[in-house]
Amino acid sequence: MMKNILRFRGTPFAATLLSLVALLSAPDSHAQGMCAGEPLCREVPKFTATITDFRVSPNTVGNRPISLTVRFTNRTAAPLVLGYVSRTAAAYDDRGNKYELQNDRRLQGIGVIERNRFDPKFTLGPGESSDAKLEVNFFVNRNVLVGTEFDFEMSVREIDPQPGNQFQLGREHALSWQHLKNGAGAGAPAVAAAGAAASAGVAPGSAAGTPVPVGDPC
């Protein structure tokens, strides 16, 4: 019986079986996703959204705005159009106060979706990143205490290109971040401009129209 087992272990089938076990036990890099180890990054099938800057006003009376930057990165091999869903951005501090986006003028970079009206200007090429900037505000009365830790939420929606230079609203994504503090995300590299320059074949800081070799992005 033992001789039969030893012969089985020496067969090509046994070697294949051992290779399969090793493969299944190896860590899956795809399962970890693009946001692995990045607490300010949120990931959905077509893009990631990362807070790269979060600034809280020190005011304890009157207007107390919070300004933040969210960097969106296209994960797909095709152009991706996104829009901000109107009236969905808000922050809540640990005292229960709500900070709201008071009007669309406090939003920069990304277009607004309101009912069936939308602006498709926020278009990302394959692998490209670009920033959206927002400012939410809370008016502080004299007898109100304000917090120092914040949760933030917003919704964005895909805008799908259609034949004839037309667009149709697609999937909506509710994004949220928790336990944010003043200065969160500070020091993140500004990749949006560099990515746009690379896709245009122009080196950042070089004269416009001067082509430079673009290497394999991988």
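Tyr99 and Phe150 are both buried, where buried means under 20% relative accessible area, exposed means over 50% and partly exposed lies in between, using a 1.4 Å probe and protein chains only. This is a predicted model, in which local features need pLDDT of at least 70 and side-chain atom pairs count only at pLDDT 80 or more, while totals for chains, interfaces and linings use all residues. Residues are numbered from 1 along each chain as its sequence is written, and side-chain values use heavy atoms, with hydrogens and water left out.

**Aromatic pairs**

Let us stay with the rings for a moment. A search of the whole structure finds six aromatic pairs. Rings of Phe, Tyr and Trp (its six-membered ring) pair if their centres lie within 6.5 Å; planes under 30 degrees apart count as stacked, over 60 as edge-to-face and the rest as tilted. One of the pairs is formed by Phe54 and Phe150, and it is tilted. Phe54 lies in strand S2 and Phe150 in strand S12, so this pair ties together parts that are 96 residues apart in sequence. Strands here are DSSP runs (E, at least two residues) and helices are runs of H or I with at least four, both numbered from the N terminus. Phe54 counts as buried because its relative accessible area is 0%, and Phe150 counts as buried because its value is 1%. Tyr99 and Phe150 form an edge-to-face pair. That pair links distant parts of the chain, with Tyr99 in strand S6 (residues 98–100) and Phe150 in strand S12, 51 residues apart. Phe54, Tyr99, Phe138 and Phe150 form one aromatic cluster.

Next comes strand S4 (residues 80–85), which is mostly covered: six of its six residues are buried. Two strands pair if DSSP finds at least two bridges between them. The pairings of S4 are set out here.

| Partner of S4 | Sense | Bridges |
|---|---|---|
| S10 (residues 123–124) | antiparallel | two bridges |
| S12 (residues 150–162) | antiparallel | three bridges |
| S8 (residues 111–114) | parallel | three bridges |

Leu80 stands opposite Leu124 in S10. Gly83 has Arg157 as its bridge partner in S12, and Gly83 also stands opposite Gly111 in S8.

**The loop at Ser57**

Ser57 sits in the loop between strand S2 (47–56) and strand S3 (62–74). Ser57 counts as buried because its relative accessibility is 11%. Its side chain reaches the backbone nitrogen of Asn59 at 3.2 Å. Leaving aside neighbours within four places in sequence, Ser57 is in contact (heavy atoms within 4.5 Å) with Asn63, Arg64 and Pro65.

**The whole chain**

Stepping back, the chain has four helices and 13 strands. Of its 218 residues, 34% count as buried. Among contacts between residues at least 6 apart in sequence, 67% join residues at least 24 apart. The accessible surface, from the Shrake-Rupley method with a 1.4 Å probe, comes to about 13500 Å², of which 54% belongs to carbon and sulfur atoms.

Conventions. Polar contact = N/O pair within 3.5 Å; in protein donor to acceptor, adjacent residues only side chain to side chain.
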